[in-house]
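Trainee: I would like a close look at one part of this model, with the rest kept for context. Please go through it step by step.

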Amino acid sequence: MREAVILGATRLPAQAMQIATWNVNSLRVRLPHVIDWLRANPVDILCLQETKLRDEHFPHAALAALGYESAFAGQPTYNGVAILARRDTVGVPSSVSVGNPLFPDEQKRLISADLAGLRVVNAYFPNGQAVGTDKYAYKLRWIDALVDWLATPATPPVVLLGDFNIAPEDRDVHDPNAWEGQVLCSAPERERFANLIALGFVDAFRLFEQPPKAYSWWDYRQLAFRRNAGLRIDHILVSPALAPSVRGCRIDRKPRKREQPSDHAPVIAELMLAGNEAGAVRG
DNA sequence: ATGGCAATGTTTCATTGA
């Protein structure tokens, strides 16, 4: 789908592109799910978290055969992030960087790349375990450093997406009373999310009317998915300059219904990029 | 108040996730 955009005296084509995030909880186990999902949903960019793979085990060839080029940063057992780019539309990720220069960290939670005139920042925020623990303190420090890093306005505009491990508001929580003050919902975590919003980032999901009780994660236990006992903790945030370009944002619950699912569902945003932003977009 | 489910490597249990 194309439309013309008048920009000064120049008439530039606009191009729809889709960008998605999915915590797969082991790419080794979930590779068939990812491949099937990409066949059904051939998004331009897919950001993965919790790949839990050493780089030498990353399934680069299988994804390349599907038409996706990958940038990835992994480690054994824990964490691991990847950016998949559809070769025939957005090309190959460039200017790839791993981590936050302001926060030296052994844990592979952050990978960034230029694609389609965007700076794509794929983040797996720390879980935090429980309020008051060392892991919780690490989570807050990690986010503070991310905010500091992103506070410097970047060119090109940024899409910050991934598993934030924060439910920003009570409407993102199936049982706000039970979760009040708990990790993922505590006030200090929500303040950190608000700090990202204060930088100008816009939650793409909330730009649109959404179904009530829309969540992106459900516990494996207690039939949580069947009861829709979930949280919305996976997010797509865009730079203010990009907000008018966002045409939709949705959560795809289908993969959560499969056998051996990830506990997270993919979140997808569609952007209508002006010609100058979509310089790398072809096809 | 507790555990419940899933994945991993340290593998027949402990650790972590959210």
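Trainee: In what order do the six strands of the open sheet lie, and what kind of pairing do they have?

Mentor: Keep in mind that this is a predicted model. The open sheet is built from six strands, and reading across it gives the order β6-β7-β8-β9-β13-β10. The pairing in this sheet is mixed. Its edge strands are β6, residues 94-98, and β10, residues 202-203; each of these pairs on one side only.

Now take one pair inside that order. Strand β8 covers residues 118-124 and strand β9 covers residues 158-163. These two strands run parallel, and six bridges join them.

Next, the helices. Helix α3 spans residues 134-150 and helix α5 spans residues 187-198. Their axes come within 10 Å and cross at roughly 10 degrees. An angle under 35 degrees counts as roughly parallel, so α3 is roughly parallel to α5. On the α3 side, the contact is made by Leu140, Ile143, Asp144 and Val147. On the α5 side, Pro188, Arg192, Asn195 and Leu196 take part. Sorted by class, this contact of α3 with α5 has five nonpolar residues, one polar residue and two charged residues.

The model also includes DNA strand B, with 22 residues around it. Of these, Ser26, Arg28, Asn127, Tyr220 and Arg221 come nearest. The surface near DNA strand B divides into seven nonpolar, nine polar and six charged residues.

Last, the confidence of the prediction. Chain A has an average pLDDT of 93, and 93% of the residues score at least 70. Two stretches fall below 50. Over residues 1-9 the pLDDT is below 50, and this stretch has 15 contacts in the model beyond near neighbours in sequence. Over residues 278-283 the pLDDT is also below 50, with 20 contacts beyond near neighbours in sequence.

Technical notes. Residues are numbered from 1 along each chain as its sequence is written. Chains are lettered from A and ligands numbered from 1 in the order in which they are written. This is a predicted model: local features need pLDDT of at least 70, side-chain atom pairs count only at pLDDT 80 or more; totals for chains, interfaces and linings use all residues. Two strands pair if DSSP finds at least two bridges between them. Helices (H or I, at least four residues) and strands (E, at least two) are DSSP runs, numbered from the N terminus. Axes are lines fitted to C-alpha atoms, for helices over the stretch in contact, and angles run from 0 to 180 degrees between N-to-C directions. Angles under 35 degrees count as roughly parallel, over 145 as roughly antiparallel, 65 to 115 as roughly perpendicular and the rest as oblique. Two residues are in contact if their C-beta atoms, placed from the backbone, lie within 7 Å. Ala, Val, Leu, Ile, Met, Phe, Trp, Tyr, Cys and Pro count as nonpolar, Asp, Glu, Lys and Arg as charged, and the others, Gly among them, as polar. A residue is near a molecule or strand if its C-beta atom, placed from the backbone, lies within 6 Å of it. pLDDT is the predictor's confidence in each residue, from 0 to 100.
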